[in-house]
Amino acid sequence: TTPGQQLRALFYALPPGESSFRGVEEVPDYVEKSIPFFIAFIGLEFAVSWVQKRKLSGRINDGISSLSLGILSRLPDVLFRSVDLISYIYVWNNYRLFELPWDSPWTWHLTLLGVDFAYYCFHRISHEVNVLWAAHQVHHSSEDYNLFTALRQSVLQKYTSWIFNLPMALFIPPSVFAVHLQFNLLYQFWIHTEVITNLGPLEWILNTPSHHRVHHGRNPYCIDKNYGGTLIIWDRIFGTFEAEDAKVVYGLTHPVNSFNPIMLQLRPLAHIWNTFWATPGFCNKLSVIFKGPGWGPGKPRLGLPEEIPVITGKEVPFNPSVPAYLNCYAVVHFAVIVDFYTELLGTVTMLSQGTILLRICFIVLSLTSFGLLMENRQEKKPGILEIIRCLVFIGVYKLGYLRSQFSYLGYAYEV
């Protein structure tokens, strides 16, 4: 794909003639090739926010946390092929009823609607079923709303979302599905911003920054609204639409107050586990898993709306005071990890499983250490973990298990 095509892919603006392929192996990795555009748009958002409001659109600690969660969510794909495609191709090969032509514009547009409707269904259920919410809540855990937030993703969510796409495998070719699966994800990147206010008539059809700000709000009027991916029509049809009104306060109704990516991924599951065993009665235990996150014995399936915490407008995001030198340290070392991560993506086919696993473990260790440094909770001894991390780095780097894209920086990294 050309840079122009890649840019248009971010906005779902590649027509069928430029994005139809006979086989799955011919479909470009639009998501990976969009990384430079992600960085460019984040920089542009910072610039526009500064011009509009004389303040930056994000914070270092929250930004590093979001990017860490984004990297973490992609690491399983380094070891295994996408479960979405594996399951889809299996159903297509064994159970398809008929085959729509891969090069027809009608097939392309039908798949657009199918993928987006499947996303709406999955997204809605992810908010209404506690065990699925435990995975999806990672994306909502930021108290900022910017393009960094778009990259804040769950490791576990992809292992349930694939089910909702399988009906399309009965008649839509995998190559067409693979394109729209990526386009639907990429479209949702640019709507995570406050610098775009209203898009006029497009607000009736498309999911826009205004609609998605509501979805990320913890104000009572925002809860469980605007589930659409690319289109907002599903919310208008099924009664889950809400227009942006009062100033949106972002994040979870009960903030996690952590930048540790492992904690953000796993703590909700631990909460479900503890609640499951503490709740009397077998049916009630099942309800803890399969009803809404606000459910309790004697309450309706999705909990009581009056129990949603009231928003005063004076909420202060979790933002521990950290010395400027520590912020600089975290940014520099995070950039080094991004270098190792992108080098891993580029060379994964040439590496042994052991080397890949070792690199993944080191990346996870590093992201966890950065999160603890940003929290600045001395009782957790973040400095000790960081010293251990640096010693591990020296060892694996000297032994050749880690490689930078920029060989001339090797000595600098060791220093």
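# A guided tour of the predicted model

Begin by colouring the chain by its three domains: domain 1 covers 3-238, domain 2 covers 263-307 and domain 3 covers 324-404. Keep in mind throughout that this is a predicted model. If you then display domain 2 and domain 3 together, you will find that their C-alpha centres are 35 Å apart.

**Stop 1: Ser34**

Select Ser34, which sits in the loop between helix 2 (30-33) and helix 3. Ser34 has a relative accessible area of 0% and is therefore buried. Show the side chains around it, and you will see that, once residues up to four places away in sequence are set aside, Ser34 touches Gln6, Leu10 and Leu186.

**Stop 2**

Move along to Arg54, in the loop that joins helix 3 (35-53) to helix 4. Its phi is near 60°, which is a positive value in a residue other than glycine. Arg54 counts as exposed because its relative accessibility is 56%.

Now select Asn226, in the loop between helix 11 (209-215) and helix 12, where phi is again positive in a residue other than glycine, with a value near 55°. Is Asn226 buried or exposed? Its relative accessibility is 0%, so Asn226 counts as buried, whereas Arg54 counts as exposed.

**Stop 3: helix 4 against helix 15**

Two packed helices are described by the angle between their axes and the distance between the axes. Select residues 60-79 for helix 4 and residues 324-347 for helix 15, whose axes come within 11 Å and cross at roughly 20°. Because angles under 35 degrees count as roughly parallel, helix 4 is roughly parallel to helix 15. The crossing in which helix 4 passes helix 15 is left-handed. To see the contact itself, show on helix 4 the side chains of Ile60, Ile64, Leu67, Ser68, Ile71, Arg74, Leu75 and Val78, and on helix 15 those of Asn327, Ala330, Val331, Phe334, Val338, Tyr341, Leu344 and Leu345.

**Stop 4: Ser154**

Next select Ser154, which belongs to the loop between helix 8 (147-150) and helix 9 (158-161). With a relative accessibility of 7%, Ser154 counts as buried. Which backbone atoms lie 3.2 Å and 3.0 Å from a polar atom of the side chain of Ser154? The backbone oxygen of Ala135 is the one at 3.2 Å, and the backbone nitrogen of Leu156 is the one at 3.0 Å. Beyond residues up to four places away in sequence, Ser154 touches Ser73, Ala135, Val138 and Gln265.

**Stop 5: Leu181**

Leu181 is part of helix 10, which spans residues 174-190. Its relative accessible area is 24%, so Leu181 is partly exposed. Leaving out neighbours within four places in sequence, you will find Leu181 in contact with Asp84, Val115 and Asn165. For a sense of scale, draw a line from the C-alpha atom of Leu181 to that of Val256, 75 residues apart along the chain, and the separation will read 30 Å.

**Stop 6: Asn260**

Select Asn260, in the loop between helix 12 (233-238) and helix 13 (261-278). The relative accessibility of Asn260 is 12%, so this residue counts as buried. Follow its side chain to the backbone nitrogen of Ile262, which it reaches at 3.0 Å. With neighbours within four places in sequence left aside, Asn260 is in contact with Thr368, Gly371, Leu372 and Glu375.

**Stop 7: helix 16 against helix 17**

Finish with helix 16 (residues 353-375) and helix 17 (residues 382-398), whose axes come within 9 Å and cross at roughly 155°. These two helices are therefore roughly antiparallel to each other, whereas helix 4 is roughly parallel to helix 15. Helix 16 passes helix 17 in a left-handed crossing. On the helix 16 side, show Leu358, Phe362, Leu365, Ser366, Ser369, Phe370, Leu372 and Leu373, which meet Pro382, Leu385, Glu386, Arg389, Val392, Phe393 and Val396 in helix 17. Leu372 of helix 16 takes part in this meeting of the helices, and Leu372 is also one of the residues in contact with Asn260.

How values were computed:
Residues are numbered from 1 along each chain as its sequence is written. This is a predicted model: local features need pLDDT of at least 70, side-chain atom pairs count only at pLDDT 80 or more; totals for chains, interfaces and linings use all residues. Side-chain values use heavy atoms; hydrogens and water are left out. Domain bounds come from an automatic or database domain assignment. Helices (H or I, at least four residues) and strands (E, at least two) are DSSP runs, numbered from the N terminus. Buried means under 20% relative accessible area, exposed over 50%, partly exposed in between (1.4 Å probe, protein chains only). A polar contact is a pair of N or O atoms within 3.5 Å; within protein, one must be able to donate a hydrogen and the other to accept it, and residues adjacent in sequence count only if both atoms are side-chain atoms. Contact means heavy atoms within 4.5 Å. Axes are lines fitted to C-alpha atoms, for helices over the stretch in contact, and angles run from 0 to 180 degrees between N-to-C directions. Angles under 35 degrees count as roughly parallel, over 145 as roughly antiparallel, 65 to 115 as roughly perpendicular and the rest as oblique. A crossing is left-handed if the near helix is turned anticlockwise from the far one by less than a right angle, and right-handed if clockwise.
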